[in-house]
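Please look over the sequence and the structure before reading on.

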Amino acid sequence: MSTQANQAIQATPSNPHESANKSIRVLLADDHPIVMTGFAMSLAAEGMDVVGQAKTPQEAVEQYAALQPDVVVLDIRFGAEMTGLDAAKHILENQPEAQIVFLSQFDQDALIKETYRLGAKAFVTKDCDPADLAVAVQRASLGELYFMPQIAERLANLSVRGDASPQTLLDERSLEIFKLMAEGLTNVEIAEKLDLSQKTISNISQAVKEKLGIHRPALITKLAMKHGLIEP
């Protein structure tokens, strides 16, 4: 893990209510209105200004461009083809200085690591104390990383034992094919979808199985779900 990450893990906010000293402009993006409303109220109680609430990743991208918030809080799963990760990529491509906090009920190790790899400042679980989200948003507004204790521990363990996730072991094309295999598509169907030859898909899928050490379709699906690559 980087020196920056280690320093952030060790840092503990002395006062979660320090955010009240500055009105931080926040954009929330979540497809569950009750969840979004609850967190909006919690952040407002901390003196923050929730300037927008997006219900889809596309709305998040559009509202970010229009509102220019200090921090955007993104859910990861929206029940649509586009995810919060996709939205973050679009936002960061246009504005690399964007400060992003991910909020999710899914907390697979690989998914957490991917959010930080993309450039997020924090990953907060939906069952967290609202004060944790407030601290994460405050830190992000300052351009600082924030790790909840349980997230920090898992990332530290992942760093120590090594990352054997499909995201790490496979190149971009192989990972794309792996996800389609996990969704139950046959080689013929994958070839048609990606406009590649069946022989090419057959060779890549076999190489994927060998590299990951799994061959049964059920285990491929299970592994993809474990690492947050397909919906449970």
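## Helix α10 and what follows

Directly after helix α10 comes D195, which has a positive phi, near 60 degrees. Helices here are DSSP runs of H or I with at least four residues, numbered from the N terminus. The model is predicted, so local features need pLDDT of at least 70 and side-chain atom pairs count only at pLDDT 80 or more, while totals for chains, interfaces and linings use all residues. Residues are numbered from 1 along each chain as its sequence is written, and side-chain values use heavy atoms, with hydrogens and water left out.

Which residues of α10 are buried? In this helix, residues 187–194, they are I190, A191 and L194; buried means under 20% relative accessible area, exposed over 50% and partly exposed in between, for a 1.4 Å probe and protein chains only. They lie on the same side of α10, because their arc around the axis is only 100 degrees; the arc is that of the directions from the helix axis to the C-beta atoms. An α-helix has 3.6 residues a turn, so residues three or four places apart point the same way. E192 and K193 are exposed on the other side of α10.

Leaving aside residues up to four places away in sequence, I190 touches I177, L180, M181, L185 and I201, where contact means heavy atoms within 4.5 Å. The C-alpha atoms of I190 and L180 are 6.8 Å apart, and the two residues are separated by 10 residues along the chain.

## Helices α4 and α5

Helix α4 (residues 84–94) and helix α5 (residues 109–118) have axes that come within 10 Å and cross at roughly 10 degrees. The two helices are therefore roughly parallel to each other (angles under 35 degrees). On the α4 side the contact is made by L85, K89 and L92, and on the α5 side by L111, E114, T115 and L118. These residues divide into four nonpolar, one polar and two charged.

## An aromatic pair

The whole structure holds one aromatic pair. The ring centres of Y116 and F147 are 4.6 Å apart and the planes are at 15 degrees, so the pair is stacked (centres within 6.5 Å, planes under 30 degrees apart). Y116 is in helix α5, and F147 is 31 residues away in the loop between α6 (130–141) and α7 (149–161). Y116 is buried at a relative accessible area of 16%, and F147 is buried at 7%.

Conventions:
Axes fitted to C-alpha atoms, helices over the stretch in contact; angles between N-to-C directions. Parallel < 35°, antiparallel > 145°, perpendicular 65-115°, else oblique. Nonpolar A, V, L, I, M, F, W, Y, C, P; charged D, E, K, R; others polar. Phe/Tyr/Trp six-rings, centres within 6.5 Å; stacked < 30°, edge-to-face > 60°.
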